[in-house]
Amino acid sequence: MAAFFSVRNDAGNMWAEFFLEWTMFGATLKTLMRKRGWLKVPPYYYAPGAPKM
């Protein structure tokens, strides 16, 4: 809680704005990459020696 009070308001607002901007960019990028087939879900991992289902 003490760290929260030690950050200046203007610096905190700048960081929050920056973080929000990058988060929105990342979400948009991830959506586009999935749509174009650049991101795929990897196959499920079956440990060696595990019983077959």
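**Exercise 1.** Work out how far apart Trp22 and Phe25 sit in helix α2, and describe their ring pair.

Solution. Start with the positions: Trp22 and Phe25 are separated by about one helical turn, because they are three residues apart in helix α2. Helices here are DSSP runs of H or I with at least four residues, strands are runs of E with at least two, and both are numbered from the N terminus.

A word on the source: this is a predicted model, in which local features need pLDDT of at least 70, side-chain atom pairs count only at pLDDT 80 or more, and totals for chains, interfaces and linings use all residues. Residues are numbered from 1 along each chain as its sequence is written, and side-chain values use heavy atoms, with hydrogens and water left out.

Next, take the rings. A search of the whole structure gives four aromatic pairs. One of them joins Trp22 and Phe25 edge-to-face, with 5.4 Å from centre to centre and 85° between the planes. Rings of Phe, Tyr and Trp (its six-membered ring) pair if their centres lie within 6.5 Å; planes under 30 degrees apart are stacked, over 60 edge-to-face, and the rest tilted. Finally, ring pairs link Phe18, Trp22 and Phe25 into a cluster.

**Exercise 2.** Find the residues of the nonpolar surface patch, and decide whether Leu29 is buried, partly exposed or exposed.

Solution. The patch consists of Trp15, Phe18, Phe19, Trp22, Phe25 and Leu29, and covers about 710 Å². Patch members have over 30% relative accessible area and no salt bridge; like charges are joined within 9 Å, and nonpolar side chains (Val, Leu, Ile, Met, Phe, Trp, Tyr) within 5 Å.

Now classify: buried means under 20% relative accessible area, exposed over 50%, and partly exposed in between (1.4 Å probe, protein chains only). Leu29 belongs to helix α2, residues 9–35, and is partly exposed because its relative accessibility is 38%. Phe25, at 46%, is partly exposed too.

**Exercise 3.** Locate the salt bridge and judge the exposure of Arg8 and Asp10.

Solution. The structure holds one salt bridge, meaning a side-chain nitrogen of Lys or Arg within 4 Å of a carboxyl oxygen of Asp or Glu. Its partners are Arg8 and Asp10, with 2.7 Å from N to O. Arg8 has 57% relative accessibility, so Arg8 counts as exposed. Asp10 has 39%, so Asp10 is partly exposed.

**Exercise 4.** Compare the span of α2 with its expected span, and the radius of gyration of the chain with that of a compact globule.

Solution. First the helix: α2 has 27 residues and reaches 39 Å from first to last C-alpha, close to the expected 39 Å at 1.5 Å a residue. That expectation is 1.5 Å times one less than the number of residues. After α2 comes Gly37, with a positive phi near 85°.

Then the whole chain: it has two helices and zero strands. Its radius of gyration is 21 Å, whereas a compact globule of 53 residues would have one near 10 Å. This radius is taken over C-alpha atoms, and the globule rule is 2.2 Å times the number of residues to the power 0.38. Buried residues make up 0% of the chain.

Technical notes: Accessible areas come from the Shrake-Rupley method with a 1.4 Å probe; for residues, only the protein chains shown count as cover.
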